[in-house]
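Q: Before the individual features are discussed, may the sequence and the structure be shown?

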Amino acid sequence: MKNELKIADKLKKKYHKCEEITNFKDMINRSEEIFKTRVAFKLKDKNGNIYNKTYEELKKDVVSLGTSLIEKGLFNKRIAVIGKNSYKWAISYLSASIIGVVVPIDKELQADDIINFLNVSESSCILGDSKNLEQIVKTENINKLKNKEIIFINFDKEENTKKNNDKFLSFSLVLEKGKKLLEKGNTKFEEIKIDPDELKILLFTSGTTGNAKGVCLSQRNICTNIVSTYGIVKVKRSDLFFSILPLHHTYECTLGFLLPLYSGASICYCDGLRYISTNMLEYHPSVILCVPLLLENMYKKIMKSMKNSLPKKYTQDTENPINKLPFFIKKIVKNKVKNTLGGRLRVFIVGAAAVNPEIANTFDKLGLNSLQGYGLTECAPLVAGNTDFFKRNDSAGLPIPNVEYKIDNPNDEGVGEIIVKGPNVMLGYYNMPEETEKVIKNGWFHTGDLGKIDENGFLYITGRCKSVIITKNGKNVYPEEIESYLNDNPLISESLVSGVQKENDDDTFVNAQIFPNIEAITEYLKGTVPTKEEIKKIMSDVVSSVNSKIPNYKHIKNFVVRDKEFEKTTTQKIKRYGDNMKQDKN
């Protein structure tokens, strides 16, 4: 305990100085005032030419869009945003969250899930890419929308359109209209007063009608997270953030979008996963938010390059030659690696899953700092992180400023559920008071994650006591979602989905155990009692059908057909652990 207090006191004395903010409007005004002519975004035009948006232009666009949306009757309404990472997405998020409640939606979801979120959130408007909006307005989908008056604003259309079911307003024209309103003296946006503790961001954690939980966040939740992160990881005004991860996630949204705008840094967007290397040489970023998979891929390429180019005496009998290199060769290697990454890269901020410490150590030796942390959507998101002052590559780090964590009901090894308290903890789950009460008790948020804390206060994640599966690239897969798709098919009696690791592969894959409905299958086969091979084939077809309805990262990669029912609890719920899991290995 003595050591823990000593480390905590040292860290508090070292925090980077930062100015408190409580809402996005104040943040935008502050940044525009301090960083007016500095570059906020580096963007590409249709011809691939890079151009800049200054902080002054950013504020004008946010105010113009917000003013235009207010004139369309959207003040205090729910406004959804969907699409690939872009400047239009960014200003839509800011404008929507200032004039109403923003509802960020995953662009990879199918139309049914998008429509479900629009219905549940009671959204009055959705701004997004053509690809996503056109899914919604198809004849078979549009009728499922409860709000028949919902406004569609298309990022890609240059003109307003209304032809058959294709009814879109042009984002460009909506923005232009706002600019004209401002020129005429419209001050409605500037007159808005924001309550920092009211619901302003509504995020959904799953993609299924029955299992979707809406996480309710206030602007104070996110703003305190921004300021706390700045206190432990210095963001320079000269920094350029390379945005790869989807912006609808709080991880990228808070740390890769709002944090740099608070700090006076710049942001650029990746053209797609295939273009990461090309884009890095184009933009020369200094900060990247990523998941472990990106680091691992870079690590493999670096190791391969070193083994192909270095003398054999340094590369033989070792998987990682970096430790054998003399100083002068190591310096050449460091420069070469840095140049392939754009020449300016100084730090990776890594989240969503654990990083292999060996990989993180190697990047440290190459002069590329990697800082991993731990967070959840419900915590806006960061809870713990390695810092500029103290870090351990095998740990999720120390508590961020103003946030506490502790282990609830630890076992003999100190492992128990991680619980969190702080101004970043969500308001609750949307219209789910019972679910909220299950996780927020006496002011502490129960994360559902297992961990332990060492004598210095460093947090170690040891597992999960909730069922969510986290893939290697940081995607969250909720088993209940996949199960609901499987169980909707009458040929299946019940199912259990879990994450499994294959031999010689540390990624986590979605696996399903299926107990078939033999009676329904017999009827399906017109009275013929099915053989094991026929059952397997029919279940394979069902799995393929389910996979066609969900994003690739949620696909069932393997399944097992059970010959008996699952073991149940007294309330007839399938037990997710114990004997039910043994068949995963069959």
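**Reading the packing, sheets and backbone**

A: Helix 2 (residues 24–35) packs against helix 4 (residues 87–99) at an angle of about 130°, and their axes are 9 Å apart. Helices (H or I, at least four residues) and strands (E, at least two) are DSSP runs numbered from the N terminus. Axes are lines fitted to C-alpha atoms, for helices over the stretch in contact, and angles run from 0 to 180 degrees between N-to-C directions. This is a predicted model, in which local features need pLDDT of at least 70 and side-chain atom pairs count only at pLDDT 80 or more, while totals for chains, interfaces and linings use all residues. Residues are numbered from 1 along each chain as its sequence is written, and side-chain values use heavy atoms, with hydrogens and water left out.

Q: What does the angle make helix 2 relative to helix 4, and which residues meet?

A: Two packed helices are described by the angle between their axes and the distance between the axes. Here helix 2 is oblique to helix 4; angles under 35 degrees count as roughly parallel, over 145 as roughly antiparallel, 65 to 115 as roughly perpendicular and the rest as oblique. Phe24, Lys25 and Ile28 of helix 2 meet Tyr93, Leu94, Ser97 and Ile98 of helix 4. By class, this contact has five nonpolar, one polar and one charged residues. Ala, Val, Leu, Ile, Met, Phe, Trp, Tyr, Cys and Pro count as nonpolar, Asp, Glu, Lys and Arg as charged, and the others, Gly among them, as polar.

Q: Which residues touch the most other members of the largest nonpolar core?

A: A nonpolar core is a set of buried Ala, Val, Leu, Ile, Met, Phe, Trp, Tyr and Cys residues joined through side-chain atoms within 4.5 Å. Buried means under 20% relative accessible area, exposed over 50%, and partly exposed in between (1.4 Å probe, protein chains only). The largest core has 91 residues, of which Phe41, Leu58, Tyr93, Leu94, Phe257, Leu258 and Leu261 touch the most other members. Helix 4 supplies the largest share of this core, nine residues. Leaving aside neighbours within four places in sequence, the contacts of Phe41 (heavy atoms within 4.5 Å) include Leu58, Tyr87, Phe257 and Leu261. A second, separate core of 34 residues includes Leu295, Tyr314, Ile329 and Val350.

Q: What is the strand order in the sheet of nine strands, and which strands stand at its edges?

A: Strands of a sheet pair through backbone hydrogen bonds, either parallel or antiparallel. Two strands pair if DSSP finds at least two bridges between them. The open sheet has the order 2-1-12-11-13-14-15-16-17, with mixed pairing. Strand 2 (50–54) and strand 17 are at the edges; each has a single partner strand, so one side of each lacks a neighbour in the sheet. Strand 1 (residues 39–44) runs antiparallel to strand 2, joined by five bridges, and Lys44 has Ile50 in strand 2 as its bridge partner. Helix 10 (residues 250–263) packs on this sheet, and its direction makes about 160° with that of strand 13 (287–290).

Q: Where does the backbone have a positive phi or a cis peptide bond?

A: Most residues other than glycine have a negative phi, and most peptide bonds are trans. Glu122 has a positive phi of about 55° and is exposed, with a relative accessible area of 54%. Lys526 has a phi near 60° and is exposed at 77% relative accessibility. A cis peptide bond, with omega about -5°, joins Ala380 and Pro381; Pro381 is in the loop between strand 15 (369–375) and strand 16 (382–385).
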